[in-house]
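Dear colleague,

Please find below the structure that I am handing over to you. My notes on what was found in it follow directly after.

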Amino acid sequence: MSNADTIAAIATAPGKGGIGVVRLSGKAVPEIARALLGKLPPPRYATLSNFFEADGCAIDQGIALYFPAPHSFTGDDVLELQGHGGPAVLQLLLQRCISLGARLAEPGEFTRRAYLNDKLDLAQAESVADLIDAASAEAARSAMRSLQGEFSQRIRGLVDALIKLRTLVEATLDFPEEEVDFLQQADAHGALQDIQLRLNQVMQTAKQGSLLREGLTVVLIGQPNVGKSSLLNRLAGEEVAIVTPVAGTTRDAIRQSIQLEGIPIHVIDTAGLRETQDEVERIGIARTWAAVEHAHVALLVIDAAQGVASADRAILARLPAALPVVQVFNKIDLEQQPPRMLRQDTHTEIYLSAKTGVGMELLHDFLLELAGWQPSGEGVFMARERHLRALHQARRHLELASENFRQLEFLAEELKLAQNALNTICGEFSADDLLGEIFSNFCIGK
C-alpha cells in the first residue's frame with residue numbers, strides 16, 4: 001500500500017440506488033479528471049458533467065466535485081463522481097478511472113490517508129467506521145462526538161498535564177543541588193492526584209461508549225421448562241424461540257439482539273441443563289456451557305413454584321467464579337407472587353413472569369445497571385477495546401507513580417509510561433501492524 005498511488009473506489013453501498021459515488025484520491029487526480037471529464041472542475045463547486053470513455057462515448061452523466069490538496073478529506077487531491085447508482089454503470093466508471101492510472105483502494109485506505117496527512121487522529125479515524133456501523137441513535141451520536149474530537153481533546157488534556165508534571169520531575173532530577181523543592185512548590189503530588197481523577201472520569205465515559213459499540217452479552221441458563229425461551233421472547237418483544245411444555249424443546253443456542261436505552265443487549269437462550277441420552281440435546285448442552293464462557297452475565301432461570309433445587313445448585317457450582325449471576329424466579333403469576341428484586345452483597349434475585357411481563361422492568365433496570373449505563377448520555381464518546389486497555393495501562397502507571405513519589409527516577413519513568421499509553425489512543429505512537437488491523441475493518445470506499 002503506497003501513499004504515492006492514486007486510489008479509486010465505489011464509496012456507496014452495493015446494490016441499486018438513485019445515486020452512486022466513485023471517489024479518487026492522489027496526485028494523478030487532476031490528470032484523470034481532464035481525461036474523464038474533458039476539463040478540471042473548479043475547486044469545491046458541484047459541476048454537471050459527462051463521464052467519458054476513451055473513445056469519447058459517455059459512460060454516465062452526473063456531478064463532479066474536485067477538492068485540491070490539502071483541503072480535502074484525505075489531504076490529497078480528491079475527485080468525487082456522483083452518478084446513477086446502478087452496479088453496472090458504477091463498475092464501468094471505476095474501471096475507466098483505473099485505466100487512467102488509478103488503482104483500486106484497499107479497505108479504509110481513504111481514511112488511513114486522512115490520518116497519515118494529519119487530517120484526523122487515530123481515535124477520530126476509528127470513529128468514522130463506528131459511525132457507519134452504529135446500531136442505535138445513541139451510538140451514532142457518540143461516534144459523531146469522537147469524530148469531532150471530544151475524546152481526543154480529553155486525552156490530549158491528560159497528556160499535556162502529564163508533560164507539565166514530568167517537566168517538574170525532570171527539573172528536580174537535573175538540579176538536585178538547588179534548595180528550592182520544585183515538586184513541593186508546584187504541588188506536584190496534587191497535580192498527580194488531579195490527573196488520576198480526570199483519567200478515572202474519562203475511563204467511566206469511555207466504558208459507557210464501549211458498551212454502546214459492543215453491547216452486553218447475556219446468557220439464559222437453567223433446567224428444562226423453567227421459561228428461558230419465554231423470557232427470551234419477552235425481552236425481544238417477539239416470538240423468536242419455540243415455547244412448548246415438552247422438555248428439551250430448545251436444543252441449540254438461540255441468539256437475539258435487543259436494545260435497552262440504546263445499549264445493545266445480546267441475549268442467548270440455551271438448551272436446558274440436565275442429564276440426557278439424546279445425542280442432539282447433549283450437543284446443545286455442550287454449546288450452552290461454551291456460551292457461558294463468553295457471556296458478561298448469566299441469568300439462572302428458576303421455577304418460582306419449585307424454588308432453588310439441587311440441580312440449580314449444581315449449575316451454580318459449575319459457573320465461572322468471575323461471572324455475575326442473577327437468579328430469575330419465573331412464573332410468579334401461577335403463584336400469585338408480587339414482582340420484586342432482592343439484593344444482598346453480590347447475590348441478586350428477581351421475581352417476574354415472562355408470560356405476563358410483570359416484573360420485567362426490574363430485569364431491564366438491573367441489566368442497564370450492570371452495563372454501567374447512566375440516565376444521561378450527554379458527553380459520551382465512542383470507545384474501543386484498545387482504548388480501554390490503554391486507559392487501564394495509564395492508570396496502573398499513575399498508581400505506581402503515586403506509590404513511588406519520593407523515588408524520583410521511578411516516578412519519572414512511570415509518568416513517561418503513562419504518557420506513552422495515552423499517546424497510543426490518538427496515534428502519536430502506533431505500530432504499522434496496528435494501523436493495518438484498524439483500517440482493514442473499514443469498507444472499501446472509506
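**Helix H14 and its partners**

Helix H14 and helix H15 (residues 408-426) pack with their axes 8 Å apart, at an angle of about 170°. The two helices are therefore roughly antiparallel to each other. On the H14 side, the contact is made by Arg386, His387, Ala390, Leu391, Gln393, Ala394, His397, Leu398, Leu400 and Ala401. On the H15 side, Leu411, Glu414, Leu415, Leu417, Ala418, Ala421, Leu422, Thr424 and Ile425 take part. Sorted by class, this contact has 13 nonpolar, 4 polar and 2 charged residues. Please bear in mind throughout that the model is predicted.

H14 (residues 385-403) also meets helix H8 (residues 188-214): their axes come within 10 Å and cross at roughly 160°. Because an angle over 145 degrees counts as roughly antiparallel, H8 is roughly antiparallel to H14. The crossing of H8 past H14 is left-handed. H8 contributes His189, Leu192, Ile195, Gln196, Leu199, Asn200, Val202, Met203, Ala206, Lys207 and Ser210 to the contact. From H14 come Leu388, Leu391, His392, Ala394, Arg395, Leu398, Glu399, Ala401 and Ser402. The residues of the contact between H8 and H14 comprise 11 nonpolar, 6 polar and 3 charged.

**The chain as a whole**

The protein chain contains 16 helices and 13 strands. It has 446 residues, of which 48% count as buried. Of the contacts in the chain between residues at least 6 apart in sequence, 66% join residues at least 24 apart.

**Residues brought together from separate parts of the sequence**

Val159 lies in helix H6 (residues 150-174). This residue is buried, with a relative accessible area of 9%. Val159 and Ala418 are 259 residues apart in sequence, yet their C-alpha atoms are 8.8 Å apart in space. Setting aside neighbours within four places in sequence, Val159 is in contact with Gln419, Leu422 and Asn423.

Asp130 belongs to helix H4 (residues 122-133). Residues up to four places away in sequence not counted, Asp130 touches Ala143, Arg213, Met382 and Arg384.

**The loop between S4 and S5**

Ser72 is found in the loop between strand S4 (58-67) and strand S5 (78-85). With a relative accessibility of 11%, Ser72 counts as buried. Apart from neighbours within four places in sequence, Ser72 is in contact with Phe67, Val78 and Lys119. The C-alpha atoms of Ser72 and Ala114 are separated by 8.7 Å, although the two residues are 42 apart along the chain.

Pro70 has its place in this loop between S4 and S5 as well. The peptide bond joining Ala69 and Pro70 is cis, with omega at about 5°.

**Backbone points to note**

Most residues other than glycine have a negative phi, and most peptide bonds are trans. Against that background, two further residues deserve mention.

Asp118 is not a glycine, but has a positive phi of about 65°. Asp118 lies in the loop between helix H3 (109-116) and H4, and counts as exposed at 69% relative accessibility.

Asn225, also not a glycine, has a positive phi of about 65°. Asn225 is found in the loop between strand S7 (216-222) and helix H9 (228-236). At 36% relative accessibility, Asn225 counts as partly exposed.

**Cysteines**

How many disulfides does a search of the whole structure find? The search finds 0 disulfides. Cys97 counts as buried, at 0% relative accessibility. Cys426 also counts as buried, at 3% relative accessibility.

Yours sincerely

Terms used
Residues are numbered from 1 along each chain as its sequence is written. This is a predicted model: local features need pLDDT of at least 70, side-chain atom pairs count only at pLDDT 80 or more; totals for chains, interfaces and linings use all residues. Side-chain values use heavy atoms; hydrogens and water are left out. Axes are lines fitted to C-alpha atoms, for helices over the stretch in contact, and angles run from 0 to 180 degrees between N-to-C directions. Helices (H or I, at least four residues) and strands (E, at least two) are DSSP runs, numbered from the N terminus. Angles under 35 degrees count as roughly parallel, over 145 as roughly antiparallel, 65 to 115 as roughly perpendicular and the rest as oblique. A crossing is left-handed if the near helix is turned anticlockwise from the far one by less than a right angle, and right-handed if clockwise. Contact means heavy atoms within 4.5 Å. Ala, Val, Leu, Ile, Met, Phe, Trp, Tyr, Cys and Pro count as nonpolar, Asp, Glu, Lys and Arg as charged, and the others, Gly among them, as polar. A disulfide is a pair of cysteine sulfur atoms within 2.5 Å. Buried means under 20% relative accessible area, exposed over 50%, partly exposed in between (1.4 Å probe, protein chains only).
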